[in-house]
Amino acid sequence: MLEFAKAQLSDIHMFREYVSKQTYRTCDYSACAIFMWRNAFQLEYAVFENTLIMKDASVVDGKTSFVVPIGENVDSAIKAIEEYSVFHKIPLRYHAVPVEGVELLKKHYSNMTVTTDRDFCDYLYDAENMKNFAGRRYSGQRNHINRFLKLYGEYQFHKITPENLGRVLAFYEWFRQEYHKDSEFAQEESEKIIELLTHYETYQVVGGFITVDENIIAMAIGEKVYDTLFVHIEKADIRYHGAYQMIVREFARAYADETVRYINREEDMGDEGLRTSKLSYHPLQLLEKSVVNITL
């Protein structure tokens, strides 16, 4: 029988090993995203036959859900999850299931209900488009960048290093006070960004920031998994016109190397402002993530 343990930050290295060997492009299979939201989702895990199994609480109703397992023996792990659910008399449910995961579960179960919520679809972009903003459809982004350059002149993009990490943390402390949001979601994100910046080397992410007159005006942090660069954090001082467009472009140029085909800028969570912004960058695809309820 599976035995689950609460995920601790010290476990992130082990999680990273597992997620690096799968090819899903959704953010739920990236180590940084998993650990930034581990407390909100009450994440627990088990390792079964060299396969990682994650169990947490649904963001929708707080009920127990599983994530499609990743590792060497996925089919056996799915069976083990079923046995665990039957033994503990809990409904068998998976959440954040990518399209490929739905097809995998269909091989095991004939009686299942699949529900997809648009609010939780990830935005996937062509990396070259984010690096260059070429073509007519990106004229809006180029206009914002040109105005930024006209207004502020010289700027610099810096990769985050141990030497400048303190400056980035100070900028974010200022940012979260200046642009404070009261929602539980926003507060959880803010606390985990502080944790990430405090334990930057443990998270093993990539990051960068833009300065104007030596003042930090924007920052972004993400990680590479398979052929995708994930953007987990993106914050900018909107008093500087075009700051967000600049950090999107500069972060892509810095970290979307020849091994990166796509950039995932994650979901909009139903926020209309975020949705409008993310759509304006013309995603190649909205990556569906489903809740799968299985009747045994």
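This is a predicted model: local features need pLDDT of at least 70, side-chain atom pairs count only at pLDDT 80 or more; totals for chains, interfaces and linings use all residues.
Visitor: How much space lies in the largest cavity?
Guide: The structure holds one cavity of 30 Å³ or more, and β11 and α10 (243-255) each supply at least two residues of the lining of the largest cavity. The space inside the largest cavity comes to about 40 Å³.

Visitor: Which element gives the most to the lining of the second largest pocket?
Guide: The second largest pocket holds about 260 Å³ of space, and of its 13 lining residues those closest to its centre are K21, Q22, I70, G71 and E72. Two or more residues of this lining come from each of α1 (12-19) and β4 (64-71). With three residues, the element that gives the most to the lining of the second largest pocket is β4.

Visitor: Is H232 buried or exposed?
Guide: H232 lies in strand β11, which covers residues 228-236, and, once its neighbours within four places in sequence are left aside, H232 is in contact with S30, C32, A33, M36, I221, G222, E223 and E266. A residue counts as buried under 20% relative accessible area. Because its relative accessible area is 7%, H232 is buried.

Visitor: Which residues is L196 in contact with, leaving aside its neighbours within four places in sequence?
Guide: Leaving aside neighbours within four places in sequence, the contacts of L196 are C32, M36, Y203, V205, I221 and I233.

Visitor: Which residue in the turn between β2 and β3 has a positive phi?
Guide: Strand β2 (residues 44-47) runs antiparallel to strand β1 (residues 5-6), joined to it by two bridges, and K6 stands opposite E44 in β2. On pairing with strand β3 (residues 51-57), β2 is again antiparallel, over four bridges, with Y45 standing opposite M54 in β3. In the hairpin that β2 and β3 form, three residues lie between the strands, and the one in the turn with a positive phi, of about 50°, is E49.

Visitor: What is the relative accessibility of E214?
Guide: E214 lies in the loop between β9 and β10, and its phi is positive, about 70°, although E214 is not a glycine. D213 lies in the loop between β9 (206-212) and β10 (215-225) as well, where it is exposed with a relative accessible area of 66%. A residue is exposed over 50%, so E214 counts as exposed, its relative accessibility being 68%.

Methods. Residues are numbered from 1 along each chain as its sequence is written. Side-chain values use heavy atoms; hydrogens and water are left out. On a 1 Å grid over the protein atoms alone, a cavity is a set of points where a 1.4 Å probe fits but cannot get out, and a pocket is an open set with protein on both sides within 12 Å along at least five of seven lines; lining residues have an atom within 4 Å of a point. Grid points are joined across faces, edges and corners, and a volume is the space filled by probe spheres set on the points. Two strands pair if DSSP finds at least two bridges between them. Contact means heavy atoms within 4.5 Å. Buried means under 20% relative accessible area, exposed over 50%, partly exposed in between (1.4 Å probe, protein chains only).
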